Every structure is written in structure tokens, then in C-alpha cells.
Amino acid sequence: MKYTLITGASSGIGKALSYQFAERGHNLIITARREEELNQIKQDIEARYQVQVLVNVCDLSQEWAAERLYNQLQHVELSVMINNAGFGDFSMPWELDLVKANRMLDLNIKALTTLSLLYVKDYANQDATLINVASVGGYAIFDIAVTYCATKFYVAAFTEGLAQTLRDQGKSLRAKVIAPGPTHSEFVTQSSDKGAIAGDGLFAEDAFITAEQLASYTYQLFESEQAVGIVNENRQLVLQSPVYPYINVPH
């Protein structure tokens, strides 16, 4: 039996992704810190759709947590991995809480990289898909979120590089990056927590899309031949080839 792994699945985009992929017939492994919310999602999805949902409670910002999670899943086949877990911060750089900044680096970069590389190592030659969730902040820097944007620049460049390298080397695994703009989720609240700037009012209400719309966009990216999906200022999905410069070094 094949499964789709979704991290950060207890709310917001991750929760919406869980319902989107389950509706399309994917068995799920959902992971996040909040067990009660995950179990509620599991029960509801299994009642609605003919799929199996496995719950794995995990705080991926903790050291070695990503390795432990992946090792716990060695007995299942992961046809899709979606690295969605992450959070941001609304602060000027000189006001950024360092503890929060380091947790953000651990989750947005270290955990995502670990899971991605372990997955690529095992599934490079299989019909499988890696989707990493970046942000429009991975293609433009905002003054109130310099560190967060830098983490998402990494996610975008790393994933685009994987996509190009896998394709150039004739591997079967596909790597893709989705870059949402403002999306209704817990992101704004989390970004304001211990941040120096309140999130309310930072974005015009008509700039937002729903988490469900973003999940639908992500599935469109999943089904497409393109590696990059960016939600533009008109809240529309733009599917395109990688945009970061890439050099294929002869071996």
C-alpha cells in the first residue's frame, strides 16, 4: 500500500492538503505536534473517503526528529512526500527573537532538508514525488520577514536544484516547490507570536486565498509536468520551470 506523507498537517495548509489528497484516493501519513487534532482529521477523512490515515505525532523542530520520523516509516512505501511544516516571523531583523529564529531555521530548513535528502536517497529511481512548500517570500524579500524569507529562498533554490538534477540524471523521482502568497491559516498568528510586529492588517483581506484553494493549486502542481508553482499577486497559480540559475557540471 502506498502513502502520502504530509508534515504540519494538524491545521491550515497541511490540513487542507490532507483532505485534498485523500479525496483523490491517497492513503495518508499525517504528522504534527498536536495529537488530538491529527486524530480528529484521521477520523473525519476515513469516514468520508476510502483511504487509510496513519497518525505520527512529531515536533520536527527538535534535533534528530526528522531522522526519527523517517526511520519510523521505513516499513511503508511513500509515493508522495509533502514537507509543509514551517513557520514565519514578523519582525525587523534587529527585533527578531533569537530563540524563535533558531527554531524557524531548524524547522524550515534543517528538518525539510533531512527529510528531502533521505527521501531522494531511497526513491530517486522510483515513481514518486517530493513537494516542498516555500512561499512567495522565497522569491522576494520582505523587510518585516528577512530571516523567514531567507529560509524560503533556501527551500525554493534547494528544491528547484533537486528537480533539475533529478531530471538531468534521468531519475524517476520528481521534485516540486509550491510558493503560496497570503493564505488563511495559523501562519499569521504564529508569525506574530513573539514577533515585534502584529500580523493583523499587514495584508489586505482580498490578498488572501483559502487553505483549500492552495491545496487545490498544490494538486495541480502535483499533476503537472512543471516543477514550480507560484501564487501570483492576482491569487492565481502560475506553473513554470525552475527560475534559479542552474549549472550542470560535466562529470
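Hi everyone. A word on the model before the tour. It is a predicted model, where local features need pLDDT of at least 70 and side-chain atom pairs count only at pLDDT 80 or more, while totals for chains, interfaces and linings use all residues. Residues are numbered from 1 along each chain as its sequence is written, and side-chain values use heavy atoms, with hydrogens and water left out.

Let's start with empty space. Rolling a probe the size of a water molecule over the atoms shows where such space is left. Here a cavity is a set of points, on a 1 Å grid over the protein atoms alone, where a 1.4 Å probe fits but cannot get out; a pocket is an open set with protein on both sides within 12 Å along at least five of seven lines, and lining residues have an atom within 4 Å of a point. Grid points are joined across faces, edges and corners, and a volume is the space filled by probe spheres set on the points.

For the classes, Ala, Val, Leu, Ile, Met, Phe, Trp, Tyr, Cys and Pro count as nonpolar, Asp, Glu, Lys and Arg as charged, and the others, Gly among them, as polar.

The second largest cavity comes in at about 40 Å³. Among the residues lining this cavity are Thr7, Leu60, Asn83, Asn84 and Leu115. Helix α4, residues 98–123, gives the most to this lining, with four residues. Helices (H or I, at least four residues) and strands (E, at least two) are DSSP runs, numbered from the N terminus. The lining has six nonpolar, three polar and no charged residues.

Let's stay with Thr7, which lies in strand β1. Is Thr7 buried or exposed? Thr7 is buried, because its relative accessible area is 1%; buried means under 20%, exposed over 50% and partly exposed in between, with a 1.4 Å probe and protein chains only. The Thr7 side chain reaches the backbone nitrogen of Asn84 at 2.9 Å. Not counting residues up to four places away in sequence, Thr7 touches Thr31, Leu60, Ile82, Asn83, Asn84, Ala85 and Leu115. Contact means heavy atoms within 4.5 Å.

On to the second largest pocket, with a volume of about 150 Å³. The elements giving two or more residues to its lining are α3 (65–72) and α4. The largest share, four residues, comes from α4. Leu60, Trp64, Asp106 and Lys110 are among the lining residues. The lining divides into five nonpolar, three polar and four charged residues.

Next, Ser10, found in the loop between β1 (2–7) and α1 (12–23). Ser10 counts as buried because its relative accessibility is 10%. The side chains of Ser10 and Arg34 are joined by a polar contact of 3.1 Å. A polar contact is a pair of N or O atoms within 3.5 Å; within protein, one must be able to donate a hydrogen and the other to accept it, and residues adjacent in sequence count only if both atoms are side-chain atoms.

Thanks, and happy to take questions!
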